Amino acid sequence: MSANSVEVAYRGVRQTSLAKRISRGIVQSARKEGKLGFTFGRYGDSPERVGIPARQFAVIGSSETELQPFMTPYELDNNDVTVVLDDTLCRGTESWAWHGFQPVNRLTRPGGVLLVLSKMSPGELLGFIAQKGAEYNLAVVEGAANWSTLWKYNDDSDFRILGAIARVAPHLISLGSVEQVIVQDWKRGDKIDLARQSYDQVKVRPVGAGEGVKQALPVRSFPKLQEMKEALVVPAVPAGEPVAGGPYRAERNPNYRSHSARTNRPVVDFARCTRCSLCWLQCPDGAFNITPDGFYDIDFEYCNGCGICVAVCPVKGCMTMVPELQSLSPFDNGESRGISELSPFDKGGLRGI
Ligand code: SF4
Ligand code: SF4
């Protein structure tokens with residue numbers, strides 16, 4: 001027999017405590033059944049960056065010999081369950097150390113389970129998830145990404161995720177052992193119903209090989225080792241240039257895009273915009289383009305969803321943050337709609353959706 005593993009995909013820093021608690025809870029539950037286990041975070045994710053996709057792993061087996069091959073890889077493939085703590089990760093993930101773009105189900109084993117915390121149905125979520133060349137199951141636990149684990153832990157998703165894992169992967173942990181951990185080890189008997197509810201209510205949809213979208217996020221290539229120049233060369237970001245008609249258009253480093261860090265996105269109502277420029281000035285990622293009409297339009301390849309522009313906009317109702325997935329059509333890749341593609345007044349004056 002070989003050991004089994006669970007992968008937890010989460011947003012760096014904001015969900016680290018939650019991901020660790022779930023991984024630890026899996027191993028603690030398995031130990032109640034006489035198994036062994038350990039957890040680890042992916043090496044390249046540390047030190048973590050806020051919002052950037054990261055991964056934790058939990059491995060369980062019946063002997064140390066079984067566990068040993070799982071102790072050294074950079075990340076584990078063929079996971080029995082991939083837990084996703086923010087459904088915007090379903091579009092794909094890029095780590096800050098740029099291990100490469102990964103479809104969210106890439107490390108899920110054939111026949112395994114992709115278990116997502118989401119308010120969407122499995123069918124809706126599948127409109128964002130990349131195709132996989134093997135069958136697997138898509139399971140949904142109702143809930144939304146929660147940032148309240150950042151400084152003071154205040155989330156209950158861990159109880160619900162553990163209950164759901166017991167349902168979709170009973171060969172890993174049972175509901176009984178999860179309940180024991182919650183009561184005996186975590187001293188949270190008041191939360192046991194949450195695990196039971198999600199055990200009963202988790203929605204599961206079988207996914208056939210090739211189902212899903214072709215590719216949710218663009219794949220970029222980086223130089224191979226043999227293609228790199230001698231010595232350390234950091235190319236400068238090219239200078240920007242005026243757009244025809246006057247305003248300045250900033251250039252950006254094409255290798256540093258922050259779109260996969262986003263859970264929410266800003267939307268501008270151009271009908272209310274006074275062109276005060278505060279959003280453009282305050283955006284930490286330089287994500288705004290100035291349109292020929294003097295409006296400030298967001299390039300979503302560079303927007304990390306921090307919400308600063310919304311906070312500084314002085315006009316009530318002009319900028320709002322909306323959930324990333326709910327603002328996209330399932331087959332929209334969410335990338336930049338450059339100023340050449342749309343005028344500020346199309347779609348009734350709303351941009352960014
Ligand atoms: S949310 Fe606003 S301020 Fe933050 S990166 Fe995006 S455009 Fe810039
Ligand atoms: S801060 Fe608001 S009003 Fe000012 S330019 Fe930006 S969107 Fe327009």
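This is a predicted model: local features need pLDDT of at least 70, side-chain atom pairs count only at pLDDT 80 or more; totals for chains, interfaces and linings use all residues.
Two strands pair if DSSP finds at least two bridges between them, and I keep that in mind for the entries that follow.

**Entry 1: strand E1.** E1 pairs with strand E4, residues 79-84, in the parallel sense over four bridges, and when I looked for the residue opposite Val-6 in E4, I found Val-81. E1 is also joined to strand E3, residues 53-61, by eight bridges, and here the two strands run antiparallel. For Glu-7, the bridge partner in E3 is Phe-57.

**Entry 2: the two sides of E1.** In a regular strand the side chains alternate between the two faces of the sheet. I checked this strand and noted that Asn-4, Val-6, Val-8 and Tyr-10 point one way from E1, while Ser-5, Glu-7, Ala-9 and Arg-11 point the other way. Are these residues buried or exposed? I found that all of them are buried. Because eight of the eight residues of E1 are buried, I wrote the strand down as largely enclosed by the rest of the structure.

**Entry 3: strand E12 and Asn-264.** I then turned to strand E12, residues 264-269, where Asn-264 has its place. E12 is mostly covered, with five of its six residues buried. Leaving aside its neighbours within four places in sequence, Asn-264 is in contact with Gly-305, Met-321, Val-322, Pro-323 and Glu-324. I also looked up how Asn-264 lies relative to Asn-304: the two are 40 residues apart in sequence and 8.6 Å apart in space, C-alpha to C-alpha. As for pairing, E12 and strand E15, residues 319-323, are antiparallel over five bridges, and Val-268 stands opposite Met-319 in E15.

**Entry 4: the ligands.** Which residues surround ligand 1? I listed Pro-266, Cys-283, Pro-284, Phe-288, Cys-303, Asn-304, Gly-305, Cys-306, Gly-307, Ile-308 and Cys-309. I sorted this shell into eight nonpolar and three polar residues, with no charged residue. Around ligand 2 I noted several cysteines, among them Cys-273, Cys-276, Cys-279, Cys-313 and Cys-318, and the surrounding residues also include Arg-275, Tyr-296 and Met-319. How many residues of the shell around ligand 2 are nonpolar, polar and charged? I recorded nine nonpolar, two polar and one charged.

Note on methods:
Residues are numbered from 1 along each chain as its sequence is written. Chains are lettered from A and ligands numbered from 1 in the order in which they are written. Side-chain values use heavy atoms; hydrogens and water are left out. A residue is near a molecule or strand if one of its heavy atoms lies within 4 Å of it. Ala, Val, Leu, Ile, Met, Phe, Trp, Tyr, Cys and Pro count as nonpolar, Asp, Glu, Lys and Arg as charged, and the others, Gly among them, as polar. Contact means heavy atoms within 4.5 Å. Buried means under 20% relative accessible area, exposed over 50%, partly exposed in between (1.4 Å probe, protein chains only).
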